[in-house]
Amino acid sequence: MMETTEHSPEAAVSVHLTLNGVPVTAEVSPNAILLDVLREQLGLTGTKKGCDHGQCGACTVHVEGRAMNACLRLAVMCEGQAITTIEGLAEGGRLHPVQQAFLDHDAFQCGYCSPGQIMSAVALLEDRRVPGDVTTVREAMSGNLCRCGAYQNILAAIQDARLRRHGQEGGDDA
Amino acid sequence: MTAIPEHHVVGRRTPRVDGEDKLTGRADYTVDHRLEDMLYGYPVPASIAHGTLESLTLDAARAMPGVVDILHHGHFPDLHRSPNSLRQGDAVSEVRLPFEDDRIHYHGQYIALVVAETFEQARAAAFRVKARYHRDAGVVTGLAASDDTGEEVGHYMRGEPELAFGIAPVILDETYTIAAESHLQLEPHATLAEWRDADQHLIVHESTQGVFYQRNALARIFDLPPERVEVISHYIGSGFGNKLFMWPHAVATAAAARWLGRPVKTVLPRQQDMMTTGHRPASRQRIRLGAEFDGSLASIQHDSLTETSTVDRYVDACGGATPSAYACDSVATHQRILPVHHGTPCPMRAPGEVSGVFALESAIDELAVALDMDPLALRLKNYAHQDPQRGLPWSSKHLDRCLESAAERFGWASRDPRIGSMGDGDEIIGQGMASATWFAGRQPCAARVTLRADGSVFAACGTQDIGTGTYTIVAQTVAELTGVPVGRVEVRLGETRLPAGPLSGGSMTTASTLPAVAAATRDALAALQEVATGPGGDFDGLYPASLGVEAGALVAEGRRVNFAEILARHRLSGVTGEGSTAPGDERQAYSFRSFGAHFVEVRWDPGISRLRVARVVSSIDVGRAINPVAARNQVEGAIVMGIGMGLLEGLDYDPRDARLINANASDYRIPVHADMPELDVELLDYPDYRFNEFGARGIGEIGLTGVAAAIANAVYHATGKRLRDLPITVETLVSPD
């Protein structure tokens, strides 16, 4: 935890993150938002800013495995936490199965909301508590706005990724 | 859909060539760019809508850490205005320069631009800027609150519409209103400006639908030759019209970068984006129809009033589609505009026509009810087999096929027309339909194609891909003509250093761009044929044009030599072709429009006051779809936007002071995943070769037209309430009549 040292309001604070599996230390301003630190300071611009108010979901990242809006977290709140961004999904140059499903189903147009949609979809598919029926998926994905309106294809991509994943695991649906 | 032969790429399902970049976060949108030594701009918006800025108190903000400067009226360079000419290619969205004077014309107008070392510092200081205003009396909060009928800016007439209306046995006279709508494109407007060569060269990254328009406008404003201004826009987080022409933030940012001698990036906060970068203006439309008892239309009169701002004259021409919509001898349209104290409106997807089609297609439905006629039959009864506005044949019109096909898939024949007669459990089912239409236009375009030594192909055009798939269809076109696989075609768009391309707007990009790309590709192939048939060439002595092109190789006399081998033999890095195309005289002989039909099922649950769109079945005729998957995606997305227009969306301006109340992505509601109905979209496949060699008419806008009318018509069928004001909200359904 943080030492109880005197901080002037503007003095930078060191934050230690595990970012896409790599330990990173960032010197951040106390009022810096995680989203802005990722994008402007750490150069990970795949996470997008659409509204900066937790309304659109374009900035969705995984914090300790949970999907969260990076625009609603101060960077200093993330001390010691593991954060995964869209850049951390593909492994060994191969698209994550959800990214591949988005490509196969044309589940995007302008692509600006896509990183957030994908991060939410990945978290959704990994959350065994969330049933896999389309009504639930639509409801669960409703925090991610797509103004191009590619919702039908996004839904198809998510459900396809679910099928492929279960095919691989040989497991049944929760 | 007709089967596409194996070796063809155009017309075939092709994954987007930019998909992987977008889905991995690699795609470089404007907001993603950074430069060494870059500063951050953060605008300060006016908190009143009509008055004078009396003073700014900047001491506290200036003393904040990292603040480099604060630009404002009185502390800003002298600049020129852009002539704002479409013809000269320098149109802008707001002519007034930032900080030009101390007048405030709308809520959110910039009163200052804070520039600081970091984004956090700029934002923090912007909130410390204090302003004193003098509010003026007479604020105009919107057309709904005004009796002023505005100024007439356009009209059309044929026949004797007033006379015919006066003697028609069945008449209808109703007024329809639509709230102002926000584009709410997810990437906010953003500018990164950098000056080089002792302030003689300006490079701007901008999220724009028109790099050349912005380049030309910036050149006029900063008094530079156009070749000394570059505008770059590789990826655009969509636009829907509000990124067609430059807004003041770009001018302020470029001026700040020159003033301070460092690059400056400004990304508009969402609230400011919604206040200052345009919207579909609110409209009020009166439709008068006169008809015979058999349903024949005798008269159509369509009077429209739309808002503009007090600083610009934006005309949202609602009546644009009306003169050619139906076979009717007497038609008149009038367009008026009313200045109000809002930011300047701008085109928004299917501008004008989508508003007009809502009113007209609602009125046609009302007429069908008055005549006790099926609304589909009424539309077919008045079918315009040729363009009644211009007296010319249509190049290709299959609206009848759209109506019939969509009706069949929807199950229209089993609809019980009696109000509220169809139910399912607690829900009352309403079914409605409407026609869709959007004009087909084409712009001049230039392109360059290089066949490269490694066998790949490079294609370049200064148009943009706003999410519609332009990168992909350009690659498909080059692949089609060269036989080189799509994956080996590199496409570069969105730069003013490239050959001049059209705006990404008006559904004109495909029809404008592909002929130029094809011409450039053929020119490059001709250059290669010339090399190959020259001295020492693989086909030395043959007539160049006699060489065939097949799968990335030239072929003749049973021999086949790859492009790469030919280039290697001559030690060439590549051969390049140029293409430049423009619309021809086809418009003298034909009228060009796209058509479609939407059938909508709504479900109204009076017990819990829930109204939802459950099902949409559409058939759309846009000629040929170059990439059927991307094309269908566009139409589906447009239908989703239409659900927003019908049931959700409206900018709320305070009726006391014209302040914009809901300038955020939550209080301004757009459709989310959970709002998605069942969608069944069919694209007819009737290539329009009279329009261009690819038979494509463009697809961005048409899907939106007619959706809101079909919803309103379905709501009437379910509830008996004829709702003529958009958005339709649950409150209007539960209130007594």
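Visitor: Helices (H or I, at least four residues) and strands (E, at least two) are DSSP runs, numbered from the N terminus. How many residues has helix H12 of chain B, and how far does it reach?

Guide: This is a predicted model, in which local features need pLDDT of at least 70 and side-chain atom pairs count only at pLDDT 80 or more, whereas totals for chains, interfaces and linings use all residues. Residues are numbered from 1 along each chain as its sequence is written, and chains are lettered from A and ligands numbered from 1 in the order in which they are written. Helix H12 of chain B, residues 509–533, has 25 residues and reaches 36 Å from its first C-alpha to its last, close to the 36 Å expected. That expectation is 1.5 Å times one less than the number of residues.

Visitor: How many of its residues are buried?

Guide: In H12(B), 21 of the 25 residues are buried, so this helix is largely enclosed by the rest of the structure. A residue is buried if 20 or more other C-beta atoms, placed from the backbone, lie within 10 Å of its own, exposed if 12 or fewer do, and partly exposed in between.

Visitor: Leu184(B) next: where is it, and is it buried or exposed?

Guide: Leu184(B) sits in the loop between strand S8 (170–178) and strand S9 (190–196) of chain B. It counts as buried because it has 27 C-beta neighbours inside 10 Å. Its phi is near 45°, a positive value in a residue other than glycine.

Visitor: And Asp372(B), buried or exposed?

Guide: Asp372(B) has 9 C-beta neighbours inside 10 Å, so it counts as exposed. The loop that holds Asp372(B) runs between helix H8 (353–371) and helix H9 (375–381) of chain B. Phi is positive for Asp372(B), near 55°.

Visitor: What about the peptide bond from Leu726(B) to Pro727(B)?

Guide: That bond is cis, with omega near 0°. Pro727(B) belongs to the loop between strand S30 (725–726) and helix H17 (730–734) of chain B.

Visitor: New topic, chain A. Which pattern does it follow along the sequence?

Guide: Chain A has five helices and five strands, in the order β-β-α-β-β-β-α-α-α-α. Its C-alpha trace spans about 55 × 35 × 30 Å along the principal axes. Of its 174 residues, 50% are buried.

Visitor: Which residues are buried in H2(A)?

Guide: The buried residues there include Val98(A), Gln99(A) and Ala101(A), and also Phe102(A) and Leu103(A). Just after H2(A), Asp106(A) takes a positive phi of about 50°.

Visitor: Which domains does the assignment give for chain A?

Guide: It gives domain 1 (13–88) and domain 2 (97–168), with bounds from an automatic or database domain assignment. Their centres, taken over C-alpha atoms, are separated by 21 Å. The contact between them takes 14 residues from domain 1 and eleven from domain 2. Two residues are in contact if their C-beta atoms, placed from the backbone, lie within 7 Å.

Visitor: Which elements give two or more residues to the domain 1 side?

Guide: They are strand S3 (60–63) and strand S4 (66–69) of chain A. S3(A) gives the most to that side, with three residues.

Visitor: Finally, how many residues of chain A are in contact with chain B?

Guide: On that side, 45 residues of chain A are in contact with 48 residues of chain B. Helices H1 (34–41), H2 (97–104), H3 (114–126), H4 (134–140) and H5 (151–169) of chain A each give two or more residues to the side that touches chain B.
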